[in-house]
Amino acid sequence: MAFDALYTNNQIQKLKVLLPYIEPSMQKNMAVYIKYMELKYTMDLCKKHPLYACAASSEKPNPDMKKLCCELKPYSTESEIKQLEQMESLLQTMEMYQEMSQTMSAMQELFPNMGSDDSDQSSASMENILMGMLSPEQKAMFDALNSQT
């Protein structure tokens with residue numbers, strides 16, 4: 001949608017609106033002409049404003065990947081949807097891992113002796129409580145992420 005708003009003009013949009021009202025034998029030619037006009041307009045715009053497209057994308061340096069996955073689903077095949085859902089699950093697990101890491105760091109600040117031999121049992125029980133909140137898939141992902149750090 002944003003791409004169409006950037007790389008089209010009112011004349012092209014009017015042609016798109018008129019397309020269904022044109023004689024069926026001419027619709028194919030008109031569709032090709034519309035695509036040609038879009039390409040020409042885009043090329044002219046890029047020549048005149050080489051940083052124009054970059055400026056639009058630089059506004060969001062860290063895109064919301066979960067939102068992106070949701071926006072791609074309607075245009076995806078079944079196998080691609082499954083991959084997008086796996087990506088969403090991975091992102092959710094990573095968020096949970098970060099939250100758990102922050103919680104553990106906060107706990108260690110509040111209870112500095114938590115890592116000592118005296119409190120190994122309380123530390124382990126706290127970790128068990130937090131790990132009990134995860135699904136088996138999330139636990140596996142947490143273990144994989146934890147082994148890399």
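Visitor: In which kind of crossing, left-handed or right-handed, does α5 pass α6?

Guide: Left-handed: that is how α5 passes α6. Keep in mind as we go that this is a predicted model.

Let's start with the geometry. Helix α5 covers residues 65–72 and helix α6 covers residues 78–110. The two pack at an angle of about 165°, and their axes lie 10 Å apart. Since angles over 145 degrees count as roughly antiparallel, that makes α5 roughly antiparallel to α6.

Now for the residues that do the touching. On the α5 side you'll find M65, K66, C69, C70 and L72, and they meet L84, M87, E88, L91 and E95 of α6. Sorted by class, the residues of this contact come out as 7 nonpolar, no polar and 3 charged.

Setting aside neighbours within four places in sequence, E88 is in contact with K66, C69, C70 and K73.

The crossing of α2 past α3 is left-handed. Here Q11, I12, L15 and K16 from α2 meet M30, Y33, I34, M37, E38 and Y41 from α3. That contact has 7 nonpolar, 1 polar and 2 charged residues.

Helix α3 itself runs over residues 24–48, 25 residues in total. From first C-alpha to last α3 reaches 36 Å, close to the 36 Å expected at 1.5 Å a residue. Its buried residues include I34, M37 and E38, and those three are also among the α3 residues that meet α2. T42 and L45 of α3 are buried too.

Stepping back to the whole protein chain, there are 8 helices and 0 strands. Of its 149 residues, 19% are buried. And if you take the contacts between residues at least 6 apart in sequence, 51% of them join residues at least 24 apart.

Terms used
Residues are numbered from 1 along each chain as its sequence is written. This is a predicted model: local features need pLDDT of at least 70, side-chain atom pairs count only at pLDDT 80 or more; totals for chains, interfaces and linings use all residues. Side-chain values use heavy atoms; hydrogens and water are left out. Axes are lines fitted to C-alpha atoms, for helices over the stretch in contact, and angles run from 0 to 180 degrees between N-to-C directions. Helices (H or I, at least four residues) and strands (E, at least two) are DSSP runs, numbered from the N terminus. Angles under 35 degrees count as roughly parallel, over 145 as roughly antiparallel, 65 to 115 as roughly perpendicular and the rest as oblique. A crossing is left-handed if the near helix is turned anticlockwise from the far one by less than a right angle, and right-handed if clockwise. Contact means heavy atoms within 4.5 Å. Ala, Val, Leu, Ile, Met, Phe, Trp, Tyr, Cys and Pro count as nonpolar, Asp, Glu, Lys and Arg as charged, and the others, Gly among them, as polar. The expected span of a helix is 1.5 Å times one less than its number of residues. Buried means under 20% relative accessible area, exposed over 50%, partly exposed in between (1.4 Å probe, protein chains only).
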